[in-house]
Each structure stands twice: as C-alpha cells, then as structure tokens.
Amino acid sequence: MDEAIKNAGIFAGLGEALVGKVAAGGFERKIPAGGIIFVEEGPGKDFFILLGGMVRLSKSTQEGREVTIRVISPGETFAETVLFESGRYPVTATAMEDSTLFVITRSTFLSLLGEDDFRDGFIAMLMKKQRYLADRILYLTSFDVEERFFRFLIENYGRREIYNVDLSKKDIASTIGAAPETFSRLIKRLKARRILDWEEGLIRLPSRFWDESDYSD
C-alpha cells in the first residue's frame with residue numbers, strides 16, 4: 001500500500017514516514033464493474049487513488065448527454081476538487097471494471113497539509129496539473145483528429161496490429177477532444193482506405209502499419 005501511495009502523483013516524492021501517515025489515515029474500497037463511485041453535484045468529502053481497475057469520469061451537457069472527461073488508470077488520483085472548493089463532485093465517477101480504491105477523507109488531507117513535506121508535494125502536484133492542461137491545449141491545436149486517435153492507441157495500448165479496446169467510440173472521441181460525429185466520419189474514412197477494421201471493440205491495423213507511419217510516442 002505504501003508503495004502505491006508513494007507513486008501516486010499527488011504524493012510522489014514524500015518521505016516514507018509521511019507516506020505511512022497517509023496510509024494509516026485512509027482505507028480501501030472495492031467497486032464492482034459498473035458501480036458508481038460518486039455522482040455529479042453530489043456532496044463530496046473523499047478523494048481517491050485508483051489501486052487497480054479503471055474509472056471513467058463523465059459530465060452531463062446542457063442537452064442531457066453524458067460525455068467522458070477523463071479515464072483514470074491505476075496509480076492516479078481523482079476527485080481532488082472537493083478538498084478546497086464547494087465540497088461537491090463536479091463529475092460522475094464510474095468503475096469501468098472491478099476496481100480497488102484507496103480513499104482519503106478531506107479532514108485527513110487537511111491535517112496533513114500542516115506537514116511541510118506534504119505541503120510542498122501538493123504544490124508540486126498542482127504545477128504538474130497546470131503543465132498537463134497547457135500540454136493538452138497544445139495537443140488539441142497541433143494535431144488533427146486522425147493523428148490524435150493513433151496517438152491515443154500508442155499511449156494507452158502500445159504499438160500493435162490488433163487492439164481489444166475497452167472504451168466505446170463515444171468515449172474515445174471525448175478523450176481525444178473530437179465530436180462523436182467527427183470521430184465516426186474518421187473511422188469510416190479509415191475503413192474505406194483499408195487502414196482500419198473495427199468490429200465489437202476489436203481494432204485491426206495492417207501489418208507494418210506502425211513501421212510505415214509517422215506517428216510517434
């Protein structure tokens with residue numbers, strides 16, 4: 001447990017003694033696939049480290065559609081906004097598969113802020129998130145939808161010819177910053193060019209596709 005906490009972004013770089021305090025102040029929670037961890041605008045007092053599984057963060061639009069904001073992987077923290085803002089969750093969190101969470105309450109976290117090492121680590125985390133947002137803006141403005149899609153495959157699944165994708169096309173579109181209709185047209189074009197075949201979550205690319213493409217990590 002201590003190792004998982006120490007490697008989580010918000011706690012990275014903290015000393016072992018302080019990591020031990022975090023471990024002692026939190027607890028594990030198991031969520032089955034499809035389980036709701038918290039709902040948008042619901043009252044919040046906890047934030048989380050994902051120890052295992054996968055979690056989807058989604059938000060409702062004014063038209064009533066649900067869009068994916070982010071997919072959480074093991075080792076990542078989420079729901080930090082309840083610590084210093086309104087105490088309500090801005091998104092809905094759903095377990096995409098059986099997942100294990102490490103839960104830390106707001107009161108525990110605030111008491112840890114009295115520790116100099118913890119406070120320094122928290123500030124570093126905020127700076128990291130700021131850099132992420134800046135990189136995200138650059139990413140969306142620098143690459144077209146096709147390149148963002150193939151970079152998504154590389155970053156999440158690696159380079160291969162066959163992918164068993166556990167996200168819907170709608171979720172992938174949201175993740176790469178594309179409208180669902182735009183993403184659907186892209187997939188149709190790739191199929192017509194015989195670059196891609198996608199049936200029931202299984203994506204197949206031509207042999208040597210990555211060797212002959214210009215996409216990079």
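## Exercises on aromatic rings, a serine and nonpolar cores

K169 lies over the face of W198, at 4.9 Å from the ring centre; a charge sits over a ring if NZ of Lys or CZ of Arg is within 6 Å of the ring centre and within 35 degrees of the ring normal. The model is predicted, with pLDDT of at least 70 needed for local features and 80 or more for side-chain atom pairs, while totals for chains, interfaces and linings use all residues. Residues are numbered from 1 along each chain as its sequence is written, and side-chain values use heavy atoms, without hydrogens and water.

**Exercise 1.** Classify the aromatic pairs F38–F48 and F47–F109.

*Solution.*
1. Rings of Phe, Tyr and Trp (its six-membered ring) pair if their centres lie within 6.5 Å; planes under 30 degrees apart are stacked, over 60 edge-to-face, and the rest tilted. The whole structure holds 14 such pairs.
2. For F38 and F48, the centres are 5.8 Å apart and the planes 20° apart, a stacked pair.
3. F38 belongs to strand β2 (residues 36-38) and F48 to strand β3 (residues 46-52), so the pair ties together parts 10 residues apart in sequence. Strands (E, at least two residues) and helices (H or I, at least four) are DSSP runs, numbered from the N terminus.
4. F47 and F109 have ring centres 5.2 Å apart and planes at 90°, so this pair is edge-to-face.
5. Because F47 lies in strand β3 and F109 in helix α3 (residues 106-112), the pair ties together parts 62 residues apart in sequence.

**Exercise 2.** Describe the surroundings of S99.

*Solution.*
1. S99 is placed in strand β8 (residues 99-105).
2. With 3% relative accessibility, S99 is buried; buried means under 20% relative accessible area, exposed over 50%, and partly exposed in between (1.4 Å probe, protein chains only).
3. The S99 side chain reaches the backbone nitrogen of M54 at 3.2 Å.
4. Beyond its neighbours within four places in sequence, S99 is in contact (heavy atoms within 4.5 Å) with residues including R29, L50, M54 and V55.

**Exercise 3.** Identify the residues that touch the most other members of the largest nonpolar core.

*Solution.*
1. A nonpolar core is a set of buried Ala, Val, Leu, Ile, Met, Phe, Trp, Tyr and Cys residues joined through side-chain atoms within 4.5 Å.
2. The largest such core has 35 residues, and F11, F38 and F78 touch the most other members.
3. Elements giving two or more residues to this core include α2 (16-25), β4 (55-60) and α4 (116-142).
4. Apart from this core lies another, of 27 residues, among them V71, F149, L167 and F183.

Notes
Polar contact = N/O pair within 3.5 Å; in protein donor to acceptor, adjacent residues only side chain to side chain.
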